[in-house]
Amino acid sequence: MYRLGWIVYLVMAVVGVLWIGIRARGPIPLGLFVDPKTWWLDALLGLGAGLLLLGIWWIAERVSPMARRLQEQLGGLLGPMTVSEALALALISGFAEELFFRGAVQGQLGGQWGWLTATVLFAVLHSGQGKHFLQWTLFAAIAGALLGGLMWWRGNLLGPVLGHALVNGINLRRLARDSARLPPSGQQTE
């Protein structure tokens, strides 16, 4: 899954860059990624958004058996992963998804599809079979709305990328660690 993830996210980033570049009719402005004057505020807001999202998921885990079942499913799909692999995948996924969904689909440049479309598409991408996956889709919709709002408010991708990477980094590492504790598929524990 690690290598497949890299391929998917690299393709997503390339499509996002091409889409934004075509729409911008030239070089992509640095301001789309960071505001050199207020980068520190954008970074703090992004990390705060990531912590808020992690808190929402932490609560969901404690009150919803479906959320716990989802974690088991995702951990099983993910398989074992080192800390460096989880961090690398979190960084590339946070950057690529935010570049595509907030930078290209939502956009700040002319011709974008907007916040609602980006949020819905982001949620749809995070769906799967079974009713427990509805929690992931709902969580992705909340995350997409929050990160999209941050992009709309601040006008750059730094905050959304950092918030997304923080959530993915912590969750990927935890899922990989938890999946290593599960018995192989088909075996029962006593």
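This report walks through a helix face, a surface patch and a pocket in a predicted model.

## Ground rules

Local features need pLDDT of at least 70 and side-chain atom pairs count only at pLDDT 80 or more, while totals for chains, interfaces and linings use all residues. Numbering runs from 1 along each chain as its sequence is written, and side-chain values use heavy atoms, with hydrogens and water left out.

Let's start with helix α5, residues 115-125 (helices are DSSP runs of H or I, at least four residues, numbered from the N terminus). Ala118, Thr119, Phe122 and Ala123 are buried here (under 20% relative accessible area, with a 1.4 Å probe and protein chains only). Down the axis of α5, the buried residues sit within an arc of 130 degrees, so they line one face; the arc uses directions from the helix axis to the C-beta atoms.

## A greasy patch

Leu52, Ile56, Leu138, Ile142 and Leu146 make a nonpolar surface patch of about 390 Å². α2 (39-63) and α6 (133-154) each supply at least two of its residues, with α6 giving the most, three.

Leucine 52 belongs to α2. Its relative accessibility is 47%, so leucine 52 counts as partly exposed, the class between 20% and 50%.

## The largest pocket

Among the 32 residues lining the largest pocket, Tyr9, Leu74, His126, Trp136 and Leu172 lie nearest its centre. α7 (158-181) is one of the helices supplying at least two lining residues, and α7 gives the most, with seven.

Key: Patches are made of residues with over 30% relative accessible area and no salt bridge: like charges are joined within 9 Å, nonpolar side chains (Val, Leu, Ile, Met, Phe, Trp, Tyr) within 5 Å. Accessible areas come from the Shrake-Rupley method with a 1.4 Å probe; for residues, only the protein chains shown count as cover. A salt bridge is a side-chain nitrogen of Lys or Arg within 4 Å of a carboxyl oxygen of Asp or Glu. On a 1 Å grid over the protein atoms alone, a cavity is a set of points where a 1.4 Å probe fits but cannot get out, and a pocket is an open set with protein on both sides within 12 Å along at least five of seven lines; lining residues have an atom within 4 Å of a point.
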